[in-house]
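I opened the notebook to record what I looked up in one model.

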Amino acid sequence: MGNEIIDITRYLKREPASDLPRGSMALWGADGERSRFALPLWRIIYLAGAERGLILWREPGGVEDLTPFVALDLAHEPARTDVDPNDVPRFGVDEAPSLLDLDARGLVVYLGARAGRSWTLLVDGGSTRTTPLSARAREDILFLAGECAGLLFLRDLADAVDASDPSEDE
């Protein structure tokens with residue numbers, strides 16, 4: 001492996017949808033251990049042909065209470081953390097991780113649940129995709145989403161959400 005820094009401009013095949021310099025990215029909520037989400041989120045965004053990826057959580061029984069945990073935005077500075085609750089389906093806490101392909105609107109991956117909170121990955125924005133993801137892309141995205149779930153649940157980052165929720169600092 002070389003000492004070369006990853007240059008995302010080599011991987012992007014479309015023009016950016018903003019005035020940001022090509023290859024820009026904005027992270028939100030990625031302090032400390034949460035910074036580990038940046039690379040898998042970036043890879044998922046690239047595979048989906050989107051602009052933004054968020055890991056969100058929802059309280060049990062909550063309808064419009066989606067709370068961003070980490071966001072990576074390739075098109076806006078600062079990173080957008082607003083989400084329409086109608087864009088993220090409700091998943092039951094006993095459901096298996098799954099991927100819902102929304103074509104041009106993006107995709108949603110259910111990551112799992114801990115302490116009643118359901119955790120979801122949302123990737124959206126800028127996609128011109130009109131066909132479903134290829135089987136290979138779905139597999140790669142699910143693998144990367146598994147990395148995110150591992151960070152949440154095996155490294156206990158999901159348990160520390162109350163102590164270090166960056167949305168409380170706004």
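The entries below go from the sheet to the helices and then to a single residue.

**Ground rules.** I am working with a predicted model, in which local features need pLDDT of at least 70, side-chain atom pairs count only at pLDDT 80 or more, and totals for chains, interfaces and linings use all residues. Residues are numbered from 1 along each chain as its sequence is written, and side-chain values use heavy atoms, with hydrogens and water left out.

**Entry 1, the sheet.** I looked up the strand order first. Six strands form an open sheet in the order β1-β3-β2-β6-β5-β4, with antiparallel pairing. β1 and β4 (98–101) stand at the edges with a single partner strand each, so one side of each has no neighbour in the sheet. From one strand to the next the twist averages 15°. Strands here are DSSP runs of E with at least two residues, helices are runs of H or I with at least four, and both are numbered from the N terminus. Two strands pair if DSSP finds at least two bridges between them. I also noted that strands of a sheet pair through backbone hydrogen bonds, either parallel or antiparallel.

**Entry 2, the bridges.** I then went through the pairs. β2 is joined to β3 (residues 67–73) by six bridges, and the two run antiparallel; G53 stands opposite L72 in β3. β2 is joined to β6 (residues 117–124) by seven bridges, also antiparallel, and there L56 stands opposite T120. Four bridges join β4 to β5 in antiparallel fashion, and L99 has V109 in β5 as its bridge partner.

Buried means under 20% relative accessible area, exposed means over 50%, and partly exposed lies in between, with a 1.4 Å probe and protein chains only. In a regular strand the side chains alternate between the two faces of the sheet. In β2, R52, L54, L56 and R58 point one way, while G53, I55 and W57 point the other way.

Helix α1 (residues 38–48) has A38, P40, L41, W42, I44, I45 and A48 as its buried residues. Their cover includes β1 (26–28), β2, β3, β5 (107–114), β6 and α2 (135–153). After α1 comes G49, with a positive phi near 65°. I noted α2 lying across β2, β3, β4, β5 and β6, at about 30° to β5.

How do the two helices meet? α1 and α2 pack at an angle of about 160°, with axes 9 Å apart. Axes are lines fitted to C-alpha atoms, for helices over the stretch in contact, and angles run from 0 to 180 degrees between N-to-C directions. The two helices are therefore roughly antiparallel to each other, a term for angles over 145 degrees. P40, R43, I44, L47 and A48 in α1 meet D140, I141, L144, A145, E147 and C148 in α2.

I ended with L41, which lies in helix α1. What is its relative accessible area? The value is 0%, so L41 is buried. Leaving aside neighbours within four places in sequence, L41 is in contact with G53, L54, I55, V70, L72 and L121, where contact means heavy atoms within 4.5 Å. L41 and I55 are 14 residues apart along the chain, and their C-alpha atoms are separated by 8.8 Å.

Methods. Parallel < 35°, antiparallel > 145°, perpendicular 65-115°, else oblique.
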